[in-house]
Amino acid sequence: NWNVSNASQDVVNGELKIYNQTSSPATSIQSITGLVIGKKYQITATTRLEGASGTIRVSFYGNIFAQSTIIGQSVTQTIEVTATTTSATLSLYSYGTSSTEGYFDNVSVKIARAEEVEAVKCLADWIHTTALQDLNN
């Protein structure tokens, strides 16, 4: 659940829309719990600015990303963060006026995939396959 302050929010065509700001910034937040300290997480979001000029962006663990400042242009960005607590706030911001509209889509927090482990697994699979081929020859 997203909790909004200083504005209204609705879901429009699958996107969260923050609009009708009473003061800037308007914020919609969600608490993310169950994080594992020391694990890496990938946070992804798509933002879009509509209406009047302003700035739309996302923040997690104080890292600002997916910042949109051009009306009509979507910005998608993924960042990687190491958890330092078991819960954190994911914040959606809309800076502007009562005519500024911020749209947010595809917002996710996932455990980052360990590429090094995958590379080792692929190498082990290759060695195993090659050894079987050698035995059959």
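# Strands, salt bridges and core of a predicted model

Reader: Which pattern does the chain follow along the sequence?

Author: Read along the sequence, the pattern is β-β-β-β-β-β-β-β-β-β-α.

Reader: And which strands make up the open sheet?

Author: Five strands form the open sheet, in the order E1-E4-E9-E6-E7, with antiparallel pairing. Two strands count as paired if DSSP finds at least two bridges between them. Strand E1 (3-5) and strand E7 (63-68) stand at the edges with a single partner strand each, so one side of each has no neighbour in the sheet. From one strand to the next, the twist averages 20°; axes are lines fitted to C-alpha atoms, for helices over the stretch in contact, and angles run from 0 to 180 degrees between N-to-C directions.

Reader: How many bridges join E1 to E4?

Author: Three bridges join E1 to strand E4 (residues 26-33), and the two run antiparallel. Ser-5 stands opposite Thr-27 in E4.

Reader: Changing topic: how many salt bridges does a search of the whole structure find?

Author: The search finds four salt bridges, a salt bridge being a side-chain nitrogen of Lys or Arg within 4 Å of a carboxyl oxygen of Asp or Glu. One of them is between Arg-48 and Glu-15, whose closest N and O atoms are 2.8 Å apart. This pair links distant parts of the chain, with Arg-48 in strand E5 (residues 40-51) and Glu-15 in strand E3 (residues 15-19), 33 residues apart.

Reader: Are Arg-48 and Glu-15 buried or exposed?

Author: Both Arg-48 and Glu-15 are buried. Buried means under 20% relative accessible area, exposed over 50%, and partly exposed in between (1.4 Å probe, protein chains only). Arg-48 counts as buried because its relative accessible area is 16%, and Glu-15 because its relative accessibility is 13%.

Reader: What else does Glu-15 contact?

Author: Leaving aside neighbours within four places in sequence, Glu-15 is in contact with Asp-10, Arg-48, Tyr-103, Phe-104 and Asp-105. Contact means heavy atoms within 4.5 Å.

Reader: Which residues are linked with Arg-48 in a network of salt bridges?

Author: The network links Glu-15, Arg-48 and Glu-50. The side chains of Arg-48 and Glu-50 meet in a salt bridge at 2.9 Å, N to O. Glu-50 is partly exposed because its relative accessible area is 21%.

Reader: Where are Lys-40 and Glu-80, then?

Author: Lys-40 is in strand E5 and Glu-80 in strand E8 (residues 74-82), 40 residues apart, so to speak, in distant parts of the chain. Their side chains form a salt bridge (3.9 Å, N to O). At 46% relative accessibility, Lys-40 counts as partly exposed, and Glu-80, at 46%, also counts as partly exposed.

Reader: On to the largest nonpolar core: which members touch the most others?

Author: Of its 22 residues, Leu-35, Ile-43, Val-58, Phe-60, Phe-65 and Phe-104 touch the most other members. Such a core is a set of buried Ala, Val, Leu, Ile, Met, Phe, Trp, Tyr and Cys residues joined through side-chain atoms within 4.5 Å. At least two residues each come from E3, E4, E5, strand E6 (55-60), E7, E8 and strand E9 (87-95). E5 supplies the largest share, four residues.

Reader: What surrounds Phe-60 by way of contact?

Author: Phe-60 lies in strand E6 and is buried, with a relative accessible area of 0%. Apart from neighbours within four places in sequence, Phe-60 is in contact with Ile-32, Leu-35, Ile-43, Phe-65, Ala-88, Thr-89, Leu-90 and Val-109. The C-alpha atoms of Phe-60 and Ile-79, 19 residues apart along the chain, are separated by 9.3 Å.

Reader: And what share of the residues is buried in the protein chain?

Author: Buried residues make up 31% of the 137 residues. Among contacts between residues at least 6 apart in sequence, 68% join residues at least 24 apart.

Terms used
Residues numbered from 1 in each chain as written. Predicted model: local features only at pLDDT ≥ 70, side-chain atom pairs only at ≥ 80, totals over all residues. Heavy atoms only, no water.
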